[in-house]
Number of protein chains: 2
Amino acid sequence: MKQKITLKIIAKEFDVSISTVSKALKNSNEISEEVREKIKAYADYYNYKPNSLALQLRAQKTSVIGVIIPEIVHHFFSTVIDGIEEHANKRGYNVMVCLSNESFEKEVSNISVLTNGSVDGVIVSIARETQKKEDYSHFEMLLKDDFPLVLFDRIVDSLKCDKVIIDDIGGGFKAANHLLEIGSKRIALLTTEDYVTVGALRKVGYRKAMLNAGLEVDEDYVFKINDTENLYAQIEKIFHLEKVPDAILAVNEIYAAIAMKLAIEKGYKIPEDIAVLGFTSGLISKFTSPPLTAITQHGYLMGQQAAELLINRIEHTGPKEFQKEVISTGIKIRKSTYIGG
Amino acid sequence: MKQKITLKIIAKEFDVSISTVSKALKNSNEISEEVREKIKAYADYYNYKPNSLALQLRAQKTSVIGVIIPEIVHHFFSTVIDGIEEHANKRGYNVMVCLSNESFEKEVSNISVLTNGSVDGVIVSIARETQKKEDYSHFEMLLKDDFPLVLFDRIVDSLKCDKVIIDDIGGGFKAANHLLEIGSKRIALLTTEDYVTVGALRKVGYRKAMLNAGLEVDEDYVFKINDTENLYAQIEKIFHLEKVPDAILAVNEIYAAIAMKLAIEKGYKIPEDIAVLGFTSGLISKFTSPPLTAITQHGYLMGQQAAELLINRIEHTGPKEFQKEVISTGIKIRKSTYIGG
DNA sequence: TTGATCAACTACAACGTTTTCGTGTTAATA
DNA sequence: TATTAACACGAAAACGTTGTAGTTGATCAA
């Protein structure tokens, strides 16, 4: 790459001092109109732009926020990033994205790289492996120095920082309730393993709705899916139950789509024999047949909120106490649970 | 945030010079073991990390690469980012993501922000609006200064830089050929408007396959979809043709899914009456019923290649002439075109 | 005793910018 | 004529780091 043009180079060109050039470009009236104009013309011609590293170093501020997410090829996370980017941009910040790939080690290293001065704050959704390990010392280190940190979606309560979460309990409740309302009696739950908080919380909501309706939760109807093994084989077990359920509540889109596919293959009618409901994380629900009813998560909003909390923290606008924002879910009713009309 | 610890602070603590601290932390044997150890212990205790801005300013290198994409909530683009991130990371770079949201103005501003010294190079997929406008001056400015730039997917031939593209002509050809092989005679093409190069190129491949098979391309069977208007209404026109096609080739997943859905609603059997084929950009194809045959695009590979070209350019490894890498497509045959067996 | 060698440090420039505090010249005022 | 004010510019520090080029004081050989 060609040598970038700097104040020094311009200064030498006109045989003036660096200060003069700096001031001229800032239209300071300390500099005579004549000098000002010729410097500006020259700078313009050579497309001078102040070096941002120098500015950042001087200002002790990068106007960049770091984001660490488990994966990016994922509808929910990319939607959140979109929201973060939108808000960040509006407030003059750029976004640096790092992926943990669900790995503890990579998360730690990302944190370390980002917090050496290259960003003003970070937004994180914690990696699976970290949640499993329950080792949050890398975050604690940051918080000890009051480094601006916002957790979203996959959070941990013990960390004293701002947080944004989806109302997963409410979502689970809403989902189960909808199934109960359309007359389902035996609702199978397709959830994740316990350490995945999202799945666990949705189960709490499911249980709440069941108890609320005077029904017991039969643990035989709860399937904890291991994401690293064959999903079809695990989900197929639903149909081995003595009494096959009349509804399936899946905590994500993929589980729901697979369950529905298997049900159809086995000759069940959707939704007449079995109603199926998932949580959206992409476009799948819309295009299955029948289309899937789904709890919708407002990722974009979540991203905006997270960015807002972070930037408020960085700029010391907003309240001093740590916030915990809860984003409520919606429900998009489609044919997979819609009987009648 | 608390004051970050610097060499200066440590130097003051032990009443030595900044250089001494710097050298001690680098284990230089210019410094006595005694001093070295106490400084290292102190730095370690207070979790000293060299300020990366200072390092970058000094080294005139950020080890960050900028990426500008039209949108991020998009399976293909997020996959590419994944690939970029992987390769970049392997070579010690971080990734800064900016979104153009298909807007010319935002693309220009992103370029401007990124190239003021905050990244060592950029990878770009050009915004729709820019393609429509055909104004590439912001890229030309960069190239004039030999700024490292790699274009991917949505490229423009006149710009002298490294490029990575999907073999869209080959993909279109492969797609049409597959349909011809299973016996389709009247293949409708669902494509984009002409200025979207991806759609245009796939059409070229489609045409090539048709001519190759001795068939003429009937423009009545070519539907140019406008993404900003109602997709269902536009796609539905296929079924108004005098002779309804026996196959539909859609240049993306959504068009294919919608076309298939409409066909089924109208009572056509898939694939017996109409075979449907798309280009994947997500998980939809896998979960429709029947699942959609699709041309697969290796976005991850594309990202890796783009990152490799860029970093080679930055580090002056690799050839001096600009490269144009072509990523070939695959085909995933599923039930929507699979007759027999 | 002189000079050299060596260990263990320090000073300083450089990266590019902004900004405060000079400083010299000219013109106006008392 | 002496003082002051306005004007137009420059010097230098600061942000945090690294590396080269000194600078001490001590030890040692001749």
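A: Two strands count as paired if DSSP finds at least two bridges between them. Keep that cut-off in mind for what follows. The model is predicted.

Start with chain A. E6(A), residues 187-192, runs parallel to E8(A), residues 247-250. Four bridges join these two strands. In one bridge, A:Ile187 has A:Ala247 of E8(A) as its partner. With at least two bridges required for pairing, the four between E6(A) and E8(A) meet the cut-off.

Now widen the view to the sheet. Chain A has an open sheet of six strands. Their order is E7-E6-E8-E9-E10-E12, and the pairing is mixed. At the edges sit E7(A), residues 222-225, and E12(A), residues 330-332. Each of these edge strands pairs on one side only. On average, and with direction ignored, neighbouring strands of this sheet are turned by 20° against each other.

Next, the helices on this sheet. H9(A), residues 168-181, packs on the sheet. H9(A) touches E6, E8, E9 (275-279), E10 (293-296) and E12 of chain A. The direction of H9(A) makes about 165° with that of E9(A). H10(A), residues 197-212, packs on the sheet as well, touching E6 and E8 of chain A. Its direction makes about 160° with that of E6(A).

Turn to chain B. Its six strands form an open sheet in the order E7-E6-E8-E9-E10-E12, with mixed pairing. The edge strands here are E7(B), 222-225, and E12(B), 330-332, each pairing on one side only. From one strand to the next, the twist averages 20°. Take one pair in detail. E8(B), residues 247-250, and E9(B), residues 275-279, pair in the parallel sense over three bridges. B:Ile248 has B:Val276 of E9(B) as its bridge partner.

H9(B), residues 168-181, packs on this sheet and touches E6, E8, E9, E10 and E12 of chain B. Its direction makes about 165° with that of E9(B). H12(B), residues 253-265, lies across E6, E7, E8, E9 and E10 of chain B. H12(B) runs at about 160° to E9(B).

H10(B), residues 197-212, has 16 residues. From first C-alpha to last, H10(B) reaches 22 Å, close to the 22 Å expected at 1.5 Å a residue. Its buried residues include B:Val198, B:Leu201, B:Arg202, B:Gly205, B:Tyr206 and B:Ala209. Residues three or four places apart on an α-helix point the same way, because there are 3.6 residues a turn. What covers the buried residues of H10(B) includes H9, E6 and E8 of chain B. After H10(B) comes B:Gly214, with a positive phi near 80°.

Last, the two chains together. One contact between the chains involves H4(A) and H4(B), each residues 52-59. Their axes come within 9 Å and cross at roughly 145°. The crossing is left-handed. A:Leu53, A:Ala54, A:Gln56 and A:Leu57 of H4(A) make the contact with B:Leu53, B:Ala54, B:Gln56 and B:Leu57 of H4(B).

Terms used: Residues are numbered from 1 along each chain as its sequence is written. Chains are lettered from A and ligands numbered from 1 in the order in which they are written. This is a predicted model: local features need pLDDT of at least 70, side-chain atom pairs count only at pLDDT 80 or more; totals for chains, interfaces and linings use all residues. Axes are lines fitted to C-alpha atoms, for helices over the stretch in contact, and angles run from 0 to 180 degrees between N-to-C directions. Two residues are in contact if their C-beta atoms, placed from the backbone, lie within 7 Å. The expected span of a helix is 1.5 Å times one less than its number of residues. A residue is buried if 20 or more other C-beta atoms lie within 10 Å of its own, exposed if 12 or fewer, and partly exposed in between; C-beta atoms are placed from the backbone. A crossing is left-handed if the near helix is turned anticlockwise from the far one by less than a right angle, and right-handed if clockwise.
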